[in-house]
Amino acid sequence: MASINACAQDTPYIILTGKVERKDFHTYIEKPFTLPDGVKRLRIEFSYSGKEQRTTIDIGLMDPARFRGWSGGARNVFTLSAEDATPGYLPGPLPGGKWELLLGVPNIRPGVVSEYEARIYVETRTAVLEFSDKPIRTQAGWYRGDLHMHSGNSDGKCASQLGIEVPCPVYRIVETAAAKGLDFIAVTDHNTTSQADALRELQPAFDKILFAPGREITTFYGHANIFGITDFVDFRMTDSSYAAAKNWMSAVNNSGGIISINHPGIPSGENCMGCGWQIEDIPDKVITAVEVVNGGRFGDWSLWHKMLNSGQHVTAVGGSDDHHAVAIGTPTTVIYMKELSVKGLIDGIRSGRVFIDIEGNKNRFLDLSARDVYMGGTLRVLPSDTLNLTAYVKGVSGGKIEFIIDGKLNTTLDRDILSEDEKIRVKWVADDIRHSIYIRVWDKDGKLVLVGNPIYIDRLI
């Protein structure tokens, strides 16, 4: 038996083995195992021999008090947690005590002996969750998606068959996102993760688009999306101090998830409880991202700039904040990922190689480099070093590119965009203090359409 701290992707907590033969035909076998207290997620992988001889073994599960599900011969892997479960199984607490793996034998031929193995994995600490058993795509590249939207699990609404506004089911959101050709979405209902069970069920059928666990932590003093986990985090703050927020923020970060401040510039009040960000004095590395574009509105750039100027490396993202399964993907957040998975998404946001496509136009692209460093990276230089900053822009011919240094527009570096696919190079002289440099792109009609993330300039030690 493995250590109780084993994770579902690591060593099995226990392995159950056995065999069935003709005497087990049309019988049920109960294979007991003991689950310790404190398990947060349970995963079982089942395999058996003799399929080529038409042996069939069905599987199900009992916990110490009740039936937890049956998948028959339809699945050989299933997962359960308090918040979500593989279809055919019931989510809910995972009590310690005697559990039973149920085996049914609808068919086995005379003279055949089939051996089976059940590998049981447990997680006793909250960890980043994938709804898919494998990456949606294994290739590294730029992936486009939406990090902020709501379903009927909170305040998302859409039209029924009769045209009545009703709580919007998750599948309607998923269909809209898939139809728009997005690579990933996070359904971020307020303070709840009940949407996770639907997303786990839908993920196998939508195998071109990644569903990332998310929720909008909604407090009286600010809203923030958290990504990667589904366990409860206690959002109940009664004052605006970091001390009051530390409990839930630490729970997210310690579990491998990330925090992104939402729409910090929207006023708080009766129309939107706690929408504006009021929590100050947050230490470095607690916040990973800030939503600088929310739906058709630009956020409060001053908060992001303030964080950058304090030396924090915080990634700018966007989100539609869609509540009607209509505007999903506007804006689109475009992330360079090593693979299209939840881990790839979180690592990509952390890396900062991200840009915001405000109108969700797939023909547009943006990147920034200096020497061999790209957005989100740190370039260490000597004072008076001359840097060649290279902006790569696509799909905005006739527009303009501007460079924002330490939160301020440097008009001497503005350049016109003359073609649909262009690399624009400018020179900039470093000094002996740190800087952040990012780019914004305006189209020919004067609309802001692309926002990049910084390259960080620091002294060579």
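**Disulfides, cavity and confidence**

Analyst: Counting bonded cysteines along the chain, the disulfides of the protein follow the pattern 1-2, 3-4. A disulfide here is a pair of cysteine sulfur atoms within 2.5 Å. This is a predicted model: local features need pLDDT of at least 70, side-chain atom pairs count only at pLDDT 80 or more, and totals for chains, interfaces and linings use all residues. Residues are numbered from 1 along each chain as its sequence is written, and side-chain values use heavy atoms, with hydrogens and water left out.

User: How many disulfides does the rule give?
Analyst: Two disulfides. One joins Cys158 to Cys168, S to S 2.4 Å. The pair links distant parts of the chain, ten residues apart: Cys158 is in strand β10 (residues 157–159), and Cys168 is in the loop between β11 (165–167) and α1 (170–179). Helices (H or I, at least four residues) and strands (E, at least two) are DSSP runs, numbered from the N terminus.

User: What handedness does the link of Cys158 and Cys168 have?
Analyst: Right-handed, with 100° about the S-S bond.

User: Which cysteines does the other disulfide join?
Analyst: Cys272 and Cys275, S to S 1.4 Å.

User: Is Cys272 buried or partly exposed?
Analyst: Cys272 counts as partly exposed, because its relative accessibility is 23%. Buried means under 20% relative accessible area, exposed over 50%, partly exposed in between (1.4 Å probe, protein chains only).

User: New topic. How many cavities of 30 Å³ or more are there in the whole structure?
Analyst: One. On a 1 Å grid over the protein atoms alone, a cavity is a set of points where a 1.4 Å probe fits but cannot get out; lining residues have an atom within 4 Å of a point. Grid points are joined across faces, edges and corners, and the volume is the space filled by probe spheres set on the points.

User: Which residues line the largest cavity?
Analyst: Among them are Lys40, Arg41, Glu123, Arg125 and Asp231. The lining divides into two nonpolar, three polar and five charged residues. Asp, Glu, Lys and Arg count as charged; Ala, Val, Leu, Ile, Met, Phe, Trp, Tyr, Cys and Pro as nonpolar; the others, Gly among them, as polar.

User: Where does pLDDT stay under 50?
Analyst: Over residues 2–8, for which the model has 21 contacts beyond four places in sequence. Contact means heavy atoms within 4.5 Å, and pLDDT is the predictor's confidence in each residue, from 0 to 100. Where pLDDT is low, the predicted coordinates should not be read in detail. The mean pLDDT of the protein is 95, and 98% of its residues reach 70 or more.

Key. On a 1 Å grid over the protein atoms alone, a cavity is a set of points where a 1.4 Å probe fits but cannot get out, and a pocket is an open set with protein on both sides within 12 Å along at least five of seven lines; lining residues have an atom within 4 Å of a point.
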